[in-house]
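Subject: Structure for you to look at

Hello,

My notes on what was found in it follow below.

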Amino acid sequence: MASIKKKGPLQNLKENIIQHIFQLSGFLAVIILLSILALLLSTAVPAFKEINLKEFFTSTRWDPTSPEKPEYGVLSLLVSTLFVTAGALILAFPVGLAVAAYLSEVASPKIREILKPVIELLAAIPSVVIGFIGLNLVGPAIARIFKLSNGLNALNGSLLLAIMALPTIISLSEDALSAVPFSYVEASLSLGANRFETLIWVKIPAAISGIVASFMLGMGRAIGETMTVLMATGNARAFPHGFLQSVRTITADIAIELGEVPYYTTHYYALFALGLMLFIMTFLVNLVADIILEKQKRMLS
Amino acid sequence: MKSKSRNKKLTAWLTGYLAFGLVLILPLFSFHPLLAAQKKMLQIKGSDTLVNLVQVLAEEYMKKYPGQAIAVLGGGSGTGISALINGTTDIADHSREWKSKELDLAYEKGVRARIFAIAIDALSIVVNEKNPVDTLTMTQVGAIFRGEIKNWKMVGGPDQKISLYGRQSNSGTYAFLQEHVLNNKNYSPEVKEMNGNAQIVEAITQDLAGIGYIGVGYVYDESGQVRKGLKVLKIKKDEGSPEYSPLDKEAVYSARYPISRPLYQSTNGKPSEAAASFIKFELSPEGQSIVEKEGFFRIGKELMAENEKNLK
C-alpha cells in the first residue's frame, strides 16, 4: 500500500518507536507469565528433596505443622478443590445457559441493554463480600434446609462460586449465541421449527464451542477463587465424602499458611508446589477454552 | 443518536482513566514531607486473641499522649512473630511462646527478641447455650479435638455428632492448645479452621453441636455479659478434681483453672522510646485495669518483675 502523503524520516522514526512500544507491551505479558512459572518451578522443586513424590500425590493428610510428624499429602486439598469447582459449575451452567438464551432470544432489546451490564456488574462484587454472605446467610440457610448443625461445607462454597462464575458464563454464552448467523435461524424457521426448537437444535449446537469456552473460563475463575471459599467452606482438612462436608481448597490452604511459614523450609517450598499445581490446572483450563473459542471463530466466519 | 452513545462511552472511559490515575498517584502524596513530618507510627501486629485488647489500650494511650499514633493489626501470633523477624513491625503480639525454629531464624537475622507478658488469658472452651453439657475434663477436651470422642453422647450430652471449630495454624491459640491440651498430638482433620476468635463465637452461637476454643476476652459482649447463645464450659484438671470456670477470677489468679496462659508482646532488642512508653502504659495499674475490663486478667508479680528487667 502506498501512502498518500510522503512521510519524513522523523515521522518514520516516531512510528517505529510507537510500534516497538506496543510490541514490547505485548511481549511483557508473556515475559511476566514465564517469570511466574520460573519462580514457581524453582521454589516448588526443592520441596521434593524431603517430600516423597508418591506421598505428596497419594496421601490424604496435610498437616505441615504437626508436632508428631509433618505430613504433606495433597490429595484431600486437590479433591476438595475439584469438588467445590464441579459443584459450582453444575449449579451455574444450566442457569447461565438459560439466562444467555433468554437474553439473546426472548428479551426485548431494552431489557437486554439493562440486564447484561447488571449481570456483568455481578463480577465486580469483591469476593470477601460474597464470602461474608456465605458465612452469615447461605450457611445458616443450608444448615436449616439439610437439618445440619452448621452450613460451612462444600455446597456453600459451590453456591457462592456459582454466583461468581455466572457473569462469565452468561456474557460469553450470549455473545456466542448472538454470533450465530441469522441465515441458520431463517433456514430452521422456514423448515417449520418453532423458536424453541430453533434454539435447542440449531443455535445452541452452532454456538456450542463458545458456550463450552464460557464454561471453561467460569471454571478457571472458580478454581482460583480464594477468599470466598476460605470464609464459607470451614477449611477442615479431612478428605471430602460429600457436598455437606467441610472442605479445604488448595487456594484456602495457601492463604492460611503462607503468612506465617518460615522462609526456605520444606513447608514453604511445599506451599509453592501447591501454587504450581494450581497454576498448571488453571493454565490448562484456560488453554482449552482458548482453543475452543478459536475453533468457533473459524467455523462461523 | 449514535454520536450521543459514543459520547457517553467516551465520558465513561475518561472517568475510568481518571479514577485509575488517581489511585496510582495518591500513594505518592503520602511521601510528601509535610505528611511525613508527623511522628512515626508505632506498628503492632500479631495475635488475634490480643488484637481487641491492644486496640483498646492503644486508643486510651493515644488519648493520654496525643501525637503518638499506633496501628494495631491482627493476623495471628505466627504472623506477628515473622513480621518482627522480617522487621515489618515494631511490636509483635503473640499468645504462645516463640518456637525454636523462629528463635533460630531470628538469631540468623540478628533479631534479639525481648518478651513482655502484658495480660493473662484463661483459654475458654465454648459450646452453644442449648448444649446440656456443663463440664469437661482436660482429657476429654483433648480427646474431642483429636477426634477420638466424636459424639456428645460420650461426654453426657445428646446423641449428636460433635462439630469442631478451631483456629488456623498461624494462631498462637491453636499451637497452645495443641501443646498443652492435646499433648502434642495432631488435631482431628474434621476441625473447621476459622479466621479468628470472633468467627468461632459467631459459629458456635448458631451451631447446636459445636465446640470451640477462644481467648476469654471474646466471651463477653459490649455490655460485659457473656455473649447470648454462648456457654463457657467449666474444666476439671482430671476426673477427681473440682471444676473451675475461666470466668471465675479467683480460680484463674490462683492457677486452679487449668488452661491459662500469659499473652505476650515482643520487640527487637531493647524497645524504642515510643514502644517502651506504650509497654509501660500497658503494665501500669491503669493499663492493667483496662486488661481486666476487657475480660482478661492482670499480670502477677513474678512476670511483672521479668517485664521490668526487659524494659531496661
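Between the two chains, 20 residues of chain A are in contact with 27 residues of chain B, where contact means that the C-beta atoms of two residues, placed from the backbone, lie within 7 Å. On the side of chain A that touches chain B, the residues divide into seven nonpolar, eight polar and five charged; here Ala, Val, Leu, Ile, Met, Phe, Trp, Tyr, Cys and Pro count as nonpolar, Asp, Glu, Lys and Arg as charged, and the others, Gly among them, as polar.

Please keep in mind that this is a predicted model, in which local features need pLDDT of at least 70 and side-chain atom pairs count only at pLDDT 80 or more, while totals for chains, interfaces and linings use all residues. Residues are numbered from 1 along each chain as its sequence is written, and chains are lettered from A and ligands numbered from 1 in the order in which they are written.

Chain A is assigned domain 1 (9–44) and domain 2 (53–300), with bounds that come from an automatic or database domain assignment. The C-alpha centres of these two domains of chain A lie 31 Å apart, and five residues of domain 1 are in contact with six residues of domain 2. The side of domain 1 of chain A that touches domain 2 has four nonpolar residues, one polar and no charged.

Also in chain A, helix α4 (residues 75–106) has 32 residues and reaches 45 Å from its first C-alpha to its last, close to the 46 Å expected at 1.5 Å a residue, the expected span being 1.5 Å times one less than the number of residues. Helices (H or I, at least four residues) and strands (E, at least two) are DSSP runs, numbered from the N terminus. A kink of about 30° lies at A:Ala92 in α4(A), shortly before the proline A:Pro94; the bend at a residue is the angle between axes fitted to the seven residues ending there and the seven starting there.

Chain B is divided into domain 1 (34–120 + 264–311) and domain 2 (124–253), and the C-alpha centres of these domains of chain B lie 27 Å apart. In chain B, 18 residues of domain 1 are in contact with 16 residues of domain 2, and the largest share of the domain 1 side, four residues, comes from α3(B).

Best wishes
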